[in-house]
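Dear colleague,

I am handing over the model we spoke about, and below it you will find my notes on what came out of it. Please read them with the structure open beside you.

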Amino acid sequence: MSAPPRPVNLALLGCGTVGGGVIRLLHENSAYLATRVGAPLAVRRVLVRDLDKDRVPECDRSLLTTNPDDVLNDPEIDLVVEVMGGEQPAFDYLRRAIDAKKGVVTANKMLLATRGPELLGLAVDRGVDLAFEASVGGGIPIVRTLREAFTSDWVERLYGIVNGTCNYILSRMREEGLPFDEVLRDAQAKGYAEADPTLDVDGHDAAHKLVVLAMLAFGARVAHDRVPTEGIRGVDAIDHRFAERFGFVVKHLAIGRELGDRVELRVHPALVSQKSVLANVSGVLNAIFVEGRALGPCLLSGRGAGDMPTAVSVVADIVDVARSKLAGSAGRSTRGISIADRPLASLDDIETRYYLRFTVKDEPGVLAHIAGALGQHQVSIEQMVQDGRATDDGLPVSVVMITHRAREAGLRRAMAEIERESWVVAPPRLLRIEEV
Ligand code: NAP
Ligand code: HSE
């Protein structure tokens, strides 16, 4: 009888929400995973900050350490799973792991968006794998889809609802007519939103994820702070009501388009038709719509966060990296990711339809003035409503317009001119309308 295969030895950096889920899934599916890999997967070390904190019951506390050297200097560890978050010290730990020729799995979109190309380069040089399925869309297999399934095609465009917190807040504002602040407070109380919600509601988390998607979809190496990014704080309950009247839904989108000589990347709230495949992706769900040149449209949707959905992606990566190591082909899938600097399209050059909301004094000539300023900059109005009032109470009114397709540079010049007028009571609201 031949000796049982040596286990693949794993170490986790972090054992919080995702790390706990990973340990549980490895434990629950251990026999099945061993057959998929061809050897058992054994967790040997778990790096944390606080040895006394509660952990999932499946976590063997004797494996906990606060010393990164216990993981990074141990030659017996084959594979390092980074689920701690943040740029540092995560970057240094993964650099050391790669240098020591350990396979690496990470769920850390912030790290990938800031130092991803560097880590990929190091992994290729050292002939090891760097896998990151969980970094975008939690449990949705979008990274694999772009890396493997789209290898025979070109991605023309993609639209992602990639931040569950934003989607949850916008969904509840729309369904219950509640203001942003109230829904955010409730989401924090329920644990759906972080105590510091900045990364999520100001769009940075979605921008990090878009940078990761752009590497795979467009082969683009883009600094995340160059991606035009807007969050959802500026969307009012009234915008949801007007959007509905015109047949739209407001969604927070990460958008990427292949323009040949440039790539267009942007993150912002936008109107999509109520008939769009993205319109009914509600609550904390995520979805990514990808259009391939030959394939046409393709939609992946599911749970974009949470311990177990995210663990599914992390453990799938562990299986892949372990298998290629055992097969002697470590680093093969990482070498297949090819990225280069690519110019970004300017927001000025976008051409789309727009939703515009003006809060103005109800005076003669106001509408004519708005229409005139837009017309002078080649922006044509498709539809318009003004909230009717029964009495002349002197209160400002909302004038909402949907434009025909227009170039953003002209539209912004017109908006700046309008905003200077004395009858404008509050900054105008501009939302792009996306055909998806
Ligand atoms: P978390 O619950 O805050 O857990 C972080 C873990 O890392 C904790 O166990 C913490 O130790 C440990 N840690 C943090 N800094 C450390 C340091 N300097 N040294 C040692 N240990 C350290 O975070 P999470 O929600 O699991 O997220 C982990 C990663 O997955 C992040 O990159 C996140 O963006 C990504 N992600 C999360 C989700 C999700 O649904 N949560 C989904 C997709 C991707 P202690 O426990 O001792 O404090
Ligand atoms: N904060 C993220 C979200 C978690 O709200 O979607 C998953 O990346």
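To begin with the ligand, one of the oxygen atoms of ligand 1 lies 3.1 Å from a polar backbone atom of Gly16, which falls within the limit for a polar contact (a pair of N or O atoms within 3.5 Å; within protein, one must be able to donate a hydrogen and the other to accept it, and residues adjacent in sequence count only if both atoms are side-chain atoms). An oxygen atom of ligand 1 is also 2.8 Å from a backbone N or O atom of Val18, and an N or O atom in the side chain of Lys53 is 2.6 Å from an oxygen atom of the ligand. Of the 900 Å² of accessible area that ligand 1 has on its own, the protein covers 80% (Shrake-Rupley method, 1.4 Å probe; for residues, only the protein chains shown count as cover).

Please bear in mind that this is a predicted model, in which local features need pLDDT of at least 70 and side-chain atom pairs count only at pLDDT 80 or more, whereas totals for chains, interfaces and linings use all residues. Residues are numbered from 1 along each chain as its sequence is written, chains are lettered from A and ligands numbered from 1 in the order in which they are written, and side-chain values use heavy atoms, with hydrogens and water left out.

The shell around ligand 1 holds 22 residues, the closest being Cys15, Val18, Lys53, Arg55 and Gly306, where a residue belongs if one of its heavy atoms lies within 4 Å. This shell divides into 10 nonpolar, seven polar and five charged residues (Ala, Val, Leu, Ile, Met, Phe, Trp, Tyr, Cys and Pro count as nonpolar, Asp, Glu, Lys and Arg as charged, and the others, Gly among them, as polar).

As for the protein overall, buried residues (under 20% relative accessible area, with exposed over 50% and partly exposed in between; 1.4 Å probe, protein chains only) make up 53% of its 436 residues. The protein exposes about 18,800 Å², of which carbon and sulfur atoms supply 49%.

Finally, Asn163 sits in the loop between β7 (155–161) and α7 (164–176), helices (H or I, at least four residues) and strands (E, at least two) being DSSP runs numbered from the N terminus. Asn163 counts as buried, at 4% relative accessibility, and its side chain makes a polar contact of 2.8 Å with the side chain of Asp205.

Best regards
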